Amino acid sequence: VDTLFLIYLFLLNSFRFIAKPCAINLGIQDSGPHRAQPNAILEKVFTSITKSPDGRRLEGLSKQLDWDVRKIQRWFRHRRNQDKPTTLTKFCESMWRFTFYLSIFFYGIRFLWTSPWFWDTRQCWYNYPFQPLTSRLYYYYILELAFYWSLMFSQFTDIKRKDFLIMFVHHLATIGLITFSYMNNMVRVGTLVLCLHDASDFLLEAAKLANYAKYQRLCDAFFMLFGVVFIVTRLGIYPFWILNTTLFESWELIGPYPSWWLFNGLLITLQMLHIIWSYLIIRTAYKALMRGKVSKDDRSDVESSSEEEDVTSNSTKGVFSTSSNGSNRINGHVASGQWTEE
């Protein structure tokens, strides 16, 4: 509880005293998208019936208000967008996550560099379960657990994206693994899993920061680097290094302990999510390379507020696209939809 409170205080202070001034210096304004024109009838429909009316309802509202159907569509689009967080808010959130991921990754690397199980994974199982829990290892675990709990809670208050269920399963599996491995003193292999997952996450947040600041080339470069690191670590190192030691080396050295199946089941669940996210990243990169642009993100949290035709293409150049109100179209753990957060 104390750790969670300290992380909350750090988040609050970083938002007020670090991230916000940086965003303002980069020209990011604390202004939201275009606000919908006040209209009691449409507001009642929006809050009580539907936020995305179908064609039949649009025709009825058009006759009732004597408005053009396209004007009503724009009203609902603006109304949906005005409840979304501003680019400044999202920039501050990404800066907080970038700071955490980068700090915890370098802490993990520094800690593991002098740990014998980093160089020989069989050390994770020697003398198990009678392995000492050092203070550095303890704080590493508690910080990671507190952070993922904060992500789990914030997912229900943030914008609900199309990969909500995937991210929910990811956070649940991660929290379950951290808690389970801690309770069963499997912290050695647990630190390897944590450090491996942190290796690419800070690059994703760096790409989002560049996107919010409208540094498109830098954003694309960070995303491409993130994609390479993500695929190498999650589809290469993770199965051949982590799963190899938890599935085979542990069986050989200590046998099929009672929780072996549950522990490895959770790790395999993470691997399945890695495959899904890697496919989404590769698809995004392929579109960018073949067409020079990427179509609208499948899990976009901000809709176009253009006053132009609704059927106008939402595509813009680059791996990330910025909508007409300045908010990013790719905003999640990995570039899902085209990226997922993590």
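This is a predicted model: local features need pLDDT of at least 70, side-chain atom pairs count only at pLDDT 80 or more; totals for chains, interfaces and linings use all residues.
Student: Why is Phe118 called buried?

Tutor: Its relative accessibility is 17%. Buried means under 20%, so Phe118 counts as buried.

Student: And what makes Trp119 exposed?

Tutor: Trp119 has 55% relative accessibility. Exposed means over 50%, so Trp119 counts as exposed.

Student: Why is the pair of Phe118 and Trp119 called edge-to-face?

Tutor: The ring centres of Phe118 and Trp119 are 4.9 Å apart, and their planes make an angle of 85°.

Student: What makes the pair of Phe223 and Phe226 tilted?

Tutor: Here the angle between the planes is 40°, with 6.1 Å centre to centre. Under 30 degrees would be stacked and over 60 edge-to-face, so 40° falls among the rest, called tilted. Both residues belong to helix H10, and because they are three residues apart, about one helical turn separates them.

Student: Are Phe223 and Phe226 buried or exposed?

Tutor: Phe223 is at 1% and Phe226 at 0%. Both values are under 20%, so both residues are buried.

Student: How do you know that Tyr182 is partly exposed?

Tutor: Tyr182 has a relative accessible area of 32%, which lies between the 20% and 50% cut-offs, so it is partly exposed.

Definitions and conventions. Residues are numbered from 1 along each chain as its sequence is written. Side-chain values use heavy atoms; hydrogens and water are left out. Buried means under 20% relative accessible area, exposed over 50%, partly exposed in between (1.4 Å probe, protein chains only). Rings of Phe, Tyr and Trp (its six-membered ring) pair if their centres lie within 6.5 Å; planes under 30 degrees apart count as stacked, over 60 as edge-to-face and the rest as tilted. Helices (H or I, at least four residues) and strands (E, at least two) are DSSP runs, numbered from the N terminus.
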